[in-house]
Amino acid sequence: MDLKPFFLAVFALILPCVFLNAQDLNYYHYTVDDGLPSSQVDDIVQDNYGNLWFSTDHGLSRYNGYEFKNYTIADGLPSNSIFKFFKQPNGEIWATTFSKKVFIIQGKNPVFKPYPYNGVLASVPDPCITICMHVTKNNSLLMSFVNRPGYIHIDEKGKIISNTVEHSFGLNRTAVV
């Protein structure tokens with residue numbers, strides 16, 4: 001039995017592996033020593049300008065690839081405990097807080113615009129942590145929560161169209177308001 005063809009086939013398969021290298025993936029672990037306001041990061045999103053945004057329990061942080069710029073309520077945030085980001089097709093980034101307030105990050109030099117109907121969101125029972133948000137073309141808002149069944153739908157004028165969020169202790173539900 002001639003093993004020469006077998007060894008040639010094995011050699012032909014192994015030889016390219018010696019010269020081919022997969023791309024190394026770079027992974028960086030940023031901490032407060034690098035400029036983050038907190039080591040607790042809840043969400044990360046990239047804006048249309050290439051910046052990374054980090055939501056933390058001590059404010060918001062923008063990373064441009066070289067340095068962090070941190071923002072707090074002193075810069076116009078409605079709360080320092082930022083939870084989740086929801087990037088919209090128009091580039092706006094909608095963000096939620098642990099205090100049930102929503103705000104919008106707009107522009108290259110960021111402006112923080114509070115959602116005008118945050119008072120309506122105050123009617124949602126505590127604690128509610130937003131897990132999903134959808135902003136329609138006419139700016140009505142739909143939100144669901146990680147720890148409460150149901151959703152809330154607020155139209156562009158601040159009127160509650162639907163609120164199926166379970167109320168305290170799950171004893172009753174409001175269907176359509």
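In this predicted model, four strands make an open sheet in the order 1-2-3-4, and their pairing is antiparallel. Strand 1 (41–46) and strand 4 (68–71) are the edge strands, each pairing on one side only. On average, neighbouring strands of this sheet are turned by 20° against each other, direction ignored. Strands of a sheet pair through backbone hydrogen bonds, either parallel or antiparallel.

| Strand pair | Residues | Bridges | Facing residues |
|---|---|---|---|
| Strand 2 and strand 3 | 52–56 and 59–63 | 5 bridges | Ser-55 and Leu-60 |
| Strand 5 and strand 6 | 82–87 and 93–97 | 4 bridges | Lys-87 and Ile-93 |

Strand 5 and strand 6 form a hairpin, with 5 residues between them. Gly-91 sits in the turn and has a positive phi of about 95°.

Rolling a probe the size of a water molecule over the atoms shows where empty space is left. The structure holds 1 cavity of 30 Å³ or more. The largest cavity contains about 50 Å³ of space.

Which residues line the largest cavity? The lining consists of Thr-96, Thr-97, Lys-100, Lys-101, Val-102, Leu-121, Val-124, Thr-130, Met-143 and Phe-145. By class, the lining residues divide into 5 nonpolar, 3 polar and 2 charged. Strand 6 supplies at least two residues of this lining, and so does strand 10 (141–145).

Technical notes: Residues are numbered from 1 along each chain as its sequence is written. This is a predicted model: local features need pLDDT of at least 70, side-chain atom pairs count only at pLDDT 80 or more; totals for chains, interfaces and linings use all residues. Side-chain values use heavy atoms; hydrogens and water are left out. Two strands pair if DSSP finds at least two bridges between them. Axes are lines fitted to C-alpha atoms, for helices over the stretch in contact, and angles run from 0 to 180 degrees between N-to-C directions. On a 1 Å grid over the protein atoms alone, a cavity is a set of points where a 1.4 Å probe fits but cannot get out, and a pocket is an open set with protein on both sides within 12 Å along at least five of seven lines; lining residues have an atom within 4 Å of a point. Grid points are joined across faces, edges and corners, and a volume is the space filled by probe spheres set on the points. Ala, Val, Leu, Ile, Met, Phe, Trp, Tyr, Cys and Pro count as nonpolar, Asp, Glu, Lys and Arg as charged, and the others, Gly among them, as polar.
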